[in-house]
Amino acid sequence: MKKKPLVLGLMAVALFYFAGAYYLYRKLLFPNLAPRDVLTYIWVVITGFLLFLAFTLYYLFTFRQQLREEKDRQRKSCTKLQQANEGALKALIHALDYRDHDTWDHSTRVAAYATVLAEHMGLPQSELNKIALAGYLHDIGKIGVPDRILLKPTKLLPEEWETIKRHPELGYDIIQQLEFLNTAAEIILLHHERYDGSGYPLGLKGHKIPLLARIFAVADALDAMTSERPYRAARPMTEAFAEIRRLSGVQFCPQCVKALEELGVEKLSEIQQSVKKQGMVKLRLEDLVPCSDYL
Ligand SMILES: [Fe+2]
């Protein structure tokens, strides 16, 4: 910030007021001082004030100009950062899609279910963004699961399940590397925790599992049940609802199950169909991680 004009202005004012004080001093000591000298002082004070006003206005104008330029610079660098981050997000999404297309379709539906569920439960936009982001990336850790297990057409053996069960931690490790995705990392790590404490990887119980992860678990399970798997057919939405209701308080948080019931089968089926029609979702990072988060 340029301080020179203000300093000069203040110096000019100080100079004029010193001059005035000198005149008054002389008038006290020499009462016969001509009225013309007093008028000179008044003239000097007015000129000084006008000069000060001019300097202040100039200073304010320059300050506003600099503020505007600074904001422009910030906006431009934020856009560049946003583009770089969006590129990184798309690279991850494409990697997951190329690795296993079914997982990507599942992620898109889970993102939609979880966001609607969280919105219905009255969560603010910032939390909805976190859960949507986690929806798209929650199974990113499956990139680290060998094909022979991930794409196995028959039922998995217990040791193969153990390998699959590592994907929340692998996903957490991947997402932790990117600061702008950190908000979704916790949900990714905890999306297979169960309300009764029998989940993985940490075995957290009840409300020790963060609300977003509890909501997420319901959305994830709903889609898992209503999607076709190599070893079983997709179940109808009504059947999946009944199963989730049965597991309320066991696998799922009762508060989240209640919210799901309130939304209803019809609404969730609509979302399922619209995701199917949309295909590969066009993601805009700006919608999930607003520019203001970086500043
Ligand atoms: Fe998962």
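**Entry 1. Helix α7.** The model I am reading is a predicted one. I then listed which residues of α7 (residues 167-176) are buried, and found His167, Pro168, Gly171, Tyr172 and Ile175. Looking down the axis of α7, I noted that these buried residues fall within an arc of 140°, so they line one face of the helix. The general rule behind such a pattern is that an α-helix has 3.6 residues a turn, so residues three or four places apart point the same way.

**Entry 2. The protein overall.** I counted the elements next and recorded 12 helices and 0 strands. Read from the N terminus, the order is therefore α-α-α-α-α-α-α-α-α-α-α-α. I also looked up burial, and 27% of the 295 residues of the protein count as buried. For contacts between residues at least 6 apart in sequence, I noted that 69% join residues at least 24 apart.

**Entry 3. Helix α11 against α3.** I turned to the packing of α3 (residues 101-120) on α11, where the angle is about 140° and the axes are 9 Å apart. That angle makes α3 oblique to α11. I recorded the crossing of these two helices as right-handed. From α3, the residues that meet α11 are Thr108, Arg109, Ala112, Tyr113, Val116, Leu117 and His120. On the α11 side I listed Cys256, Ala259, Leu260, Glu262, Leu263, Leu268, Ile271, Gln272 and Val275. Sorted by class, this contact of α3 with α11 holds 11 nonpolar, 3 polar and 2 charged residues.

**Entry 4. Helix α11 against α9.** The crossing of α9 past α11 is right-handed. I noted Arg214, Ile215, Val218, Leu222 and Thr226 as the α9 residues of the contact, and Cys256, Val257, Leu260, Leu268 and Gln272 as those of α11. The residues of this contact of α9 with α11 divide into 7 nonpolar, 2 polar and 1 charged.

**Entry 5. Helix α10.** Which residues of α10 (residues 237-246) are buried? I found Ala240, Phe241 and Ile244. Seen down the axis of α10, these buried residues fall within an arc of 105°, so they line one face of the helix. The face turned away from that buried side carries the exposed residues Thr238 and Arg246. I then looked up the cover over the buried residues of α10, which includes α9 and α11.

**Entry 6. Two prolines.** I checked Pro201 and found that a cis peptide bond joins Tyr200 and Pro201, with omega about 10°. Pro201 sits in the loop between α8 and α9. Pro254, by contrast, lies in helix α11. Is Pro254 buried, exposed or partly exposed? I recorded it as partly exposed, because 13 other C-beta atoms lie within 10 Å. Leaving aside neighbours within four places in sequence, I found Pro254 in contact with Ser248 and Gly249. I also noted that Pro254 and Tyr195 are 59 residues apart in sequence and 8.9 Å apart in space, C-alpha to C-alpha.

Conventions:
Residues are numbered from 1 along each chain as its sequence is written. This is a predicted model: local features need pLDDT of at least 70, side-chain atom pairs count only at pLDDT 80 or more; totals for chains, interfaces and linings use all residues. A crossing is left-handed if the near helix is turned anticlockwise from the far one by less than a right angle, and right-handed if clockwise. Helices (H or I, at least four residues) and strands (E, at least two) are DSSP runs, numbered from the N terminus. Two residues are in contact if their C-beta atoms, placed from the backbone, lie within 7 Å. Ala, Val, Leu, Ile, Met, Phe, Trp, Tyr, Cys and Pro count as nonpolar, Asp, Glu, Lys and Arg as charged, and the others, Gly among them, as polar. Axes are lines fitted to C-alpha atoms, for helices over the stretch in contact, and angles run from 0 to 180 degrees between N-to-C directions. Angles under 35 degrees count as roughly parallel, over 145 as roughly antiparallel, 65 to 115 as roughly perpendicular and the rest as oblique. A residue is buried if 20 or more other C-beta atoms lie within 10 Å of its own, exposed if 12 or fewer, and partly exposed in between; C-beta atoms are placed from the backbone. The arc is that of the directions from the helix axis to the C-beta atoms.
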